[in-house]
Amino acid sequence: MRTQRDTARWRNTDAMYRAVVVGVGLIVAGVLVHQLTLVLFGAPLLISALLVVTRPQPGAPDVRQPRLPRALEQSQLAEAVFEIDTDPGVELTALRAPHGRTRGAGPVHLIPGTVREVRTTLGHGGWGEGVDLRLDRLFAGPDALRVFGPIAGTEGRRTILPPVRLLPAGPLPPRPSGLVGVHRSPRPGDSTELRDIRVFQPGDRLRRVDWRVSLRASAATGGVMSPSMLHVRERHADADASLVLAIDTRVDVASELADWSAPVAGSGVRPGGSLDTAVLAACSLAAGYLRQGDRVGLVDLGRPQLSLAPGSGQRQLLKLRHQLVVCARSAGWAPKPVLRPRQAPAGSLVMVLSPFIDDAMVELTATVARRGTRVLAMDLLPDPLVAAARDPWGDAVLKVLRAEHAVRLETLREHGIPVLRWGDEASAALRLLARGRR
């Protein structure tokens, strides 16, 4: 094949040169040996090449690529419509575009040159960030003797947000930083839950007066109603709660021990691994607690600069899902996990999501608990673990790993830190812990 540096123009193909050489050769050979058959075979090739040379050159074709949303849900399919603008001289168009959940550039589609619009659907089977739209094209003239291209399309980067699994949110300890929320605060306020009945004091509103209690108090003193006989209902204030999700992005382990040291292609997250489970669990927990009006923040233990301050509302959930994709993309080994005191506000609940395969995570979790912060540990080590089949020490390594992991979890429990396993019973376990605390 001939090397072409500039492909964004009409150029002759190898078939064009072969048509001229073979056509002229057959005609000359037929004349020399007096064989009409050779002339009849060579004439069409030479005539086709002459027609292409003498025909006016078509204009430069153009393909307008659509703009798609920068963020999509995992199960969402986006429709892309490409508009093709070509002259009548184009007989064939070759497009390489993805379709459906196809990874990579996609297959090559051959369509007639008269087609002006091409539709395709784009989707993903997993969450993360990647390239899913690159329209490579080539345009061919009559008999493909002249072509325009190939031209590599513009890559379209898209963020596929982690899915949200709706869970019934468990209660959180109240953080009395405001008078909004759905959790009972120790301080008095204007909620609906009764706190106490006391004697009327200057500054109390008349609508808080409990007339039944006041009348009984006045009847006990001879039926005389005086300000000292008035009693008011005092209620608890509603306060918001703060949940801090601390995910361990330093390691990403799967069920197969042999895969722990193997590189991960694509987005860099092992499907079904500890990091994948941590991201999915963080999204589900955040959605549940934000739905009931709590504040949720995010801390990347490996890279604290990627953390997200606590916030509330659906906008916070969207920001948190985007930030989880960023954390997963930047995930990698860090020698020491970090959770600064200002990242866990006073009165908040810190939930550490980690497989706990090193002592540094245990030490950090215990340190946060010693600060007076309520901590929950979510164990994300895959279960069951599978030993390396080709390693003669595979079973021994697996036993040592399980024993060390059990010791670390027991150390957390000795520090008063509840340890949970992520699954269907996670929310129920949170509710049991909350009832036991009250």
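So, disulfides: how many does the count come to here? Zero, by the distance rule we use. Keep in mind that this is a predicted model, so that count comes from predicted atom positions.

While we're on cysteines, let me point at a couple of them. C283 has 0% relative accessibility, so it counts as buried. C327 is at 0% relative accessibility too, and that puts it in the buried group.

Okay, next up, a sheet. Have a look at the open sheet of three strands: the order is β2-β4-β7, and the pairing is antiparallel. Which strands stand at the edges? Those are β2, residues 62-64, and β7, residues 117-122. Each has a single partner strand, so one side of each is left without a neighbour in the sheet. Going from one strand to the next, the twist averages 25°.

If you're new to this, strands of a sheet pair through backbone hydrogen bonds, and they can do that either parallel or antiparallel. In our case, β2 pairs with β4, residues 78-85, in the antiparallel sense, over three bridges. To find that on screen, go to D62: standing opposite, in β4, is D85.

Last stop, T373. You'll find T373 in the loop between α6, which covers 359-370, and β18, which covers 374-379. Now, is T373 buried or exposed? Buried, because its relative accessibility is 15%, and the cut-off for buried is under 20%. And what does T373 touch? Leaving aside residues up to four places away in sequence, the contacts are S348, V350 and V368.

Key:
Residues are numbered from 1 along each chain as its sequence is written. This is a predicted model: local features need pLDDT of at least 70, side-chain atom pairs count only at pLDDT 80 or more; totals for chains, interfaces and linings use all residues. Side-chain values use heavy atoms; hydrogens and water are left out. Helices (H or I, at least four residues) and strands (E, at least two) are DSSP runs, numbered from the N terminus. Buried means under 20% relative accessible area, exposed over 50%, partly exposed in between (1.4 Å probe, protein chains only). Contact means heavy atoms within 4.5 Å. A disulfide is a pair of cysteine sulfur atoms within 2.5 Å. Two strands pair if DSSP finds at least two bridges between them. Axes are lines fitted to C-alpha atoms, for helices over the stretch in contact, and angles run from 0 to 180 degrees between N-to-C directions.
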